[in-house]
Amino acid sequence: MSVTPLAAHLSTRPAAAFRGRIGRDARSGHYAVPRRYRLHLAAADPDCLRIAVTHSLLGLDKACPVTFLPAVPDCPDGGHSALRPLYDASAHRYTGPALAPVLSDDWSGRIVSSHGPDIARDLARRFGGGRPTLYPCGAESQIEAVERMCAQGIEEAAQRAGAADAEEAERTAALDTLLTTLGALERGLGAHEYLISDQITAADVELWVALVQLDTVHRYHLDAAAVHRIADHPALWAYARRLAARPAFGAHLDLDAIARRHHARCQGLEAAGAAVQILDWETHAEAGSAVRPQVNRS
C-alpha cells in the first residue's frame, strides 16, 4: 500500500536515557558481534513487544540473547530493579527510573541504548547474513509514516478518545481521528497480505502492536458503540489475526501480562467497551505459541 506521511508530531514515548547505536565496524565502538549484546525486555510494554517480535523475525536467539522482565515494574518510580545496576554503571549518579527496553553490552557491562525504535533498526540492519529484510531499501519513509500513523492516529487518538477528564468534543474529535486512520489502513490493505510490501516489514510489526494495544488496553476506556465502529474494519482485523498466528508474533503475546501492566498503570475509568472484545487473541495466538522462540529468560 502507499502510505502518506503525517506531519511531524511529538512522540508519546518517554525520552530515552541512552541513545547509542550499533555501527558497521569496530571504528564505531559498538558493532555487531554475536553474543556481545543482550536485550532486556518486558513484553507487556509495547516498545518491548515490537523489539521481541523483530528479534524473533530475525532469528537472533543465539546472536543476541534476551532477558525478560516482569510485566509490572517493581520500583516505586516505575523502573525495574533488575536494570538498576546497568543504569548505575552507564551514567554517573543516574536518578531516573530504570526502564525497559534496554540493549546492553556484555563486554563493558553498560547500556548501549534504551530507545526502542533505534534498537529495532540496529538489530535489523547490523545483524544481517541472509536474515529477513525488515527495512527494505527505499521503504524507510513509508515505515516512518506508519510509525507516525500508529503513534498519533491510533495510540494517542485512542487515549484521548477514552480520557475521562476530556471534554466531549475532544473525545469525539479523537475518535474521528482514530477511525479515519483505521479506515485509511483498511483501504490500503485491501487484498494485500502485508502493509507496504509483499513480505513482512517493520511497518507490519508497528501496526500489529498498535492493534494489540487498541484491543487489549485502549478499548477498556471507550463506549461500546465506539468499539463496534473500531471493529468494523474486517481487512485490518483479519490481518492482525493472521500475524498473531505466526510464531514470531503470537509467542510473545502475553495477555495476562498486558492486563496486569494496564491495571497497574491506568488511572482512567472503565467503560462499556471493555465488554466488547474485537479479537480472541489467545485463540489466534495458539499456533504461534506452539512454536515459541527459544529465548533466555534468566
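What pLDDT does the chain average, and what share of the residues score at least 70? In this predicted model, the chain averages a pLDDT of 89. A score of at least 70 is reached by 90% of the residues.

Four of them form an open sheet in the order 2-1-3-4. The pairing in this sheet is mixed. Strand 2 (66-68) and strand 4 each have a single partner strand, so they stand at the edges, and one side of each is left without a neighbour in the sheet. Direction ignored, neighbouring strands are turned by 35 degrees against each other on average.

Strand 3 (residues 102-105) and strand 4 (residues 110-113) run antiparallel. Three bridges join them. Asp105 has Arg110 of strand 4 as its bridge partner. Leu103 stands opposite Ser113, also in strand 4. The two strands form a hairpin with four residues between them. In this hairpin, Gly109 takes a positive phi near 75 degrees.

Arg121 belongs to helix 3 (residues 116-126). Is Arg121 buried or exposed? Its relative accessible area is 8%, so Arg121 is buried, the cut-off being under 20%. Neighbours within four places in sequence left aside, Arg121 contacts Arg21, Tyr135, Glu140, Ile143, Glu144 and Glu147.

Helix 4 (residues 140-161) packs with helix 5 (residues 168-189) at an angle of about 145 degrees. Their axes are 8 Å apart. The crossing is left-handed. On the helix 4 side, the residues in contact are Met149, Gly153, Ile154, Ala157, Ala158, Arg160 and Ala161. Those they meet in helix 5 include Glu170, Arg171, Ala174, Leu175 and Thr177. Leu178, Thr181, Leu182, Ala184 and Leu185 of helix 5 also take part. By class, this contact has 11 nonpolar residues, three polar and three charged.

Definitions and conventions:
Residues are numbered from 1 along each chain as its sequence is written. This is a predicted model: local features need pLDDT of at least 70, side-chain atom pairs count only at pLDDT 80 or more; totals for chains, interfaces and linings use all residues. Side-chain values use heavy atoms; hydrogens and water are left out. pLDDT is the predictor's confidence in each residue, from 0 to 100. Axes are lines fitted to C-alpha atoms, for helices over the stretch in contact, and angles run from 0 to 180 degrees between N-to-C directions. A crossing is left-handed if the near helix is turned anticlockwise from the far one by less than a right angle, and right-handed if clockwise. Contact means heavy atoms within 4.5 Å. Ala, Val, Leu, Ile, Met, Phe, Trp, Tyr, Cys and Pro count as nonpolar, Asp, Glu, Lys and Arg as charged, and the others, Gly among them, as polar. Buried means under 20% relative accessible area, exposed over 50%, partly exposed in between (1.4 Å probe, protein chains only). Two strands pair if DSSP finds at least two bridges between them.
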